[in-house]
Amino acid sequence: MEVVITDAATIGSLVADRVQALLERKPDAVLGLATGSSPLRVYDDLAARVQNGSMSFSGAHAFTLDEYVGLPEGDPRSYRSVIDVELVSRVDFAPGAVHGPDGTAADLDAACIDYERRIAAAGGIDLQILGIGTTGHIAFNEPSSSLASRTRVKTLIAQTRRDNARFFDGDVDAVPKHCLTQGLGTILDSRHAIVIATGSAKAAAVRQMVEGSVSARWPCTALQLHPKATVYLDEASAAELELTEYYREVVEHRSAVQ
Ligand code: F6R
């Protein structure tokens, strides 16, 4: 796991650089997109690059990580609507190129199986962008998630519903209790996983993700099993790490040998 500690604005441009480099090398790459606050600077940066003509998503495909169950199609709080507003409407994906799990399906289990099938048919995810929850979730894999899990229905833990109440006018009871989420096994299949974490509320989960024991108690620790994971942290989210000096040294000297 590569750990990059910098400021939030720099994280936005560094991750956008990674996406741009991938699309230059592989214009039909498959991206994995997180919603929530963490990737917003990345999406702003990518939108600016498309608008000034320096990059294009026209050949790319994308899959979102998760979706609430029970919100009607088009609800502005659904993750499908959020990713449309935050990224898709501001860049140049081809129509139909961005996919999300269907939280409105009559048969949710079948929708999950179909989502895994669609990811596989697209050739798998080249670059997965992730945030991390204060509970240690990645996507909506809450504590006790199987490290081998695939896309499925999950129940959100109370802390996540409290954290996300800000998107529901502060009303925790309005936050759905269930979701569809890519599994930890699905995420581990991505060719490169990038995690973005900012703010002190994430520090405990970041500590576990980078330096804790691999355990379903902290689902983010599954990323220690990923062959290529890069974690972008601001100083506040990195504050509880033990080996920060080493991580900085690795980044400072990596060009000499890599
Ligand atoms: C969102 C997702 C979640 C968020 C996490 C952090 O699609 O999968 O895991 O990334 O809850 O949310 P923010 O970035 O809003 O702090």
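A few ground rules before we start. Residue numbers run from 1 along each chain as its sequence is written, and side-chain values use heavy atoms, with hydrogens and water left out. As the model is predicted, local features need pLDDT of at least 70 and side-chain atom pairs count only at pLDDT 80 or more, while totals for chains, interfaces and linings use all residues.

**The sheet**

Helices (H or I, at least four residues) and strands (E, at least two) are DSSP runs, numbered from the N terminus. Strands count as paired if DSSP finds at least two bridges between them. On that basis there is an open sheet of 7 strands, paired in parallel, and its order reads β1-β10-β9-β6-β2-β3-β5. β1 (2-5) and β5 (98-99) sit at the edges with a single partner strand each, so one side of each has no neighbour in the sheet.

Now for strand β9, residues 192-197. Here 6 of 6 residues are buried, meaning under 20% relative accessible area with a 1.4 Å probe, protein chains only. Both faces are covered: H192, I194 and I196 are buried on one side, and A193, V195 and A197 on the other. The strand pairings with a listed bridge count look like this:

| Strand pair | Bridges | Sense |
|---|---|---|
| β6 (residues 127-130) and β9 | 4 bridges | parallel |
| β9 and β10 (residues 229-233) | 5 bridges | parallel |
| β3 (residues 61-64) and β5 | 2 bridges | parallel |

**The cores**

A nonpolar core here is a set of buried Ala, Val, Leu, Ile, Met, Phe, Trp, Tyr and Cys residues joined through side-chain atoms within 4.5 Å. The largest one has 31 residues, and V15, V19, L31, Y43, L46, F57 and F93 have the most contacts inside it. Two or more residues come from each of α1 (8-25), β2 (30-33), α2 (40-51), β6 and β9, and α1 gives the most, with 6 residues. Apart from this core lies another, of 26 residues, including A34, A139, I187 and V195.

V15 is worth a click: leaving out residues up to four places away in sequence, V15 touches V42, I129, I194, I196 and Y232, where contact means heavy atoms within 4.5 Å.

**The ligand site**

There are 15 residues around the ligand, and T35, S38, D66, H137 and K202 come nearest; to be near, a residue needs a heavy atom within 4 Å. Polar contacts are pairs of N or O atoms within 3.5 Å. A polar side-chain atom of S38 lies 2.5 Å from a ligand oxygen atom. For T35, the distance from a side-chain N or O atom to an oxygen atom of the ligand is 2.7 Å, and for H137 a side-chain N or O atom is 2.7 Å from a ligand oxygen.

**The loop glycine**

Finally, G100 lies in the loop between β5 and α4 (108-121). G100 is buried, at a relative accessible area of 19%. Beyond its neighbours within four places in sequence, G100 is in contact with T64, R80, Y115 and R118. G100 and A16 are 84 residues apart in sequence and 21 Å apart in space, C-alpha to C-alpha.

Methods: Buried < 20%, exposed > 50% of the residue type's maximum accessible area, 1.4 Å probe, protein only. Polar contact = N/O pair within 3.5 Å; in protein donor to acceptor, adjacent residues only side chain to side chain.
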